Amino acid sequence: MKQKILTKIKDNIFLILAAVPLYYIYRYIGCPFRYLFGFSCAGCGMTRALWAIGDGDFALAFEMSPAIYLLPVAAVIYFLRKRIPKKVMNMLCSVGLVIVMTMYFVRLFSDNEVVYIDFKTGLIYKIIQSLLN
């Protein structure tokens with residue numbers, strides 16, 4: 001029994017060691033993608049949307065991330081993936097990707113408080129600026 005537990009810890013040591021720094025990254029700098037690049041990623045707002053659904057506020061969830069309502073569909077597809085022909089699976093994944101990316105770009109280039117572009121706040125921009133000056 002003890003050997004089995006030690007084997008599981010050893011097999012998952014990377015995840016265990018990565019959890020602590022990831023916690024502090026999200027706690028103190030927020031989204032690492034936005035911190036580095038200065039703009040939101042395609043998944044921006046998903047966590048807040050999940051919290052909103054948990055609170056029963058479905059309109060706020062849609063405002064935070066319209067893609068949140070694709071998660072149940074993606075979950076069903078994932079659990080049925082062995083029964084779905086490969087061509088159909090590829091088509092479903094492609095359609096899902098197009099939908100998510102379309103929503104992302106519409107949100108990115110509209111007046112949206114959740115998803116935005118501000119390159120000057122990104123760490124990479126700041127580093128480049130400091131090197132050029």
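Student: Where does Pro-85 lie?
Tutor: In this predicted model, Pro-85 belongs to the loop that runs between α6 (71-79) and α7.

Student: Is Pro-85 buried or exposed there?
Tutor: Pro-85 is exposed, because its relative accessible area is 52% and the exposed class begins over 50%.

Student: How far apart in space are Pro-85 and Ala-67?
Tutor: From C-alpha to C-alpha, the separation of Pro-85 and Ala-67 is 24 Å, and 18 residues divide them in sequence.

Student: Let us move to α7. Which helix residues does that element span, and where is Arg-107?
Tutor: Helix α7 covers residues 86-108, and Arg-107 is part of that helix.

Student: What is the nearest side chain of opposite charge to Arg-107, and how far away is it?
Tutor: That side chain is Glu-63, 8.6 Å away. Arg-107 is buried and has no salt bridge.

Student: Then what does the side chain of Arg-107 reach?
Tutor: It reaches the backbone oxygen of Met-64, at 2.4 Å.

Student: Where is Met-64, and is it buried or exposed?
Tutor: Met-64 sits in helix α5. Met-64 counts as buried because its relative accessibility is 13%, and buried means under 20%.

Student: What is the separation of the C-alpha atoms of Met-64 and Ile-5?
Tutor: Those C-alpha atoms are 40 Å apart, with the two residues 59 positions from each other along the chain.

Student: Where is Asp-57 found?
Tutor: Asp-57 occupies the loop between α4 (46-54) and α5 (58-64).

Student: Why does Asp-57 count as partly exposed?
Tutor: Its relative accessibility is 34%, so Asp-57 falls between the limits of 20% and 50%.

Student: And in α4 itself, is Thr-47 buried or exposed?
Tutor: Thr-47, which is placed in helix α4, is exposed, with a relative accessible area of 54%.

Student: How far is Thr-47 from Tyr-24?
Tutor: Their C-alpha atoms are separated by 16 Å, and the residues are 23 apart along the chain.

Student: A change of topic: where does Phe-33 lie?
Tutor: Phe-33 is in helix α3, which comprises residues 32-37. Phe-33 is partly exposed, at a relative accessible area of 31%.

Student: How far apart are Phe-33 and Leu-123 in sequence and in space?
Tutor: In sequence, Phe-33 and Leu-123 are 90 residues apart, while in space the C-alpha to C-alpha distance is 9.9 Å.

Methods: Residues numbered from 1 in each chain as written. Predicted model: local features only at pLDDT ≥ 70, side-chain atom pairs only at ≥ 80, totals over all residues. Heavy atoms only, no water. Helix = DSSP H or I, 4+ residues; strand = E, 2+ residues; numbered from the N terminus. Buried < 20%, exposed > 50% of the residue type's maximum accessible area, 1.4 Å probe, protein only. Lys, Arg positive; Asp, Glu negative; His and termini not counted. Salt bridge = Lys/Arg side-chain N within 4 Å of Asp/Glu carboxyl O. Polar contact = N/O pair within 3.5 Å; in protein donor to acceptor, adjacent residues only side chain to side chain.
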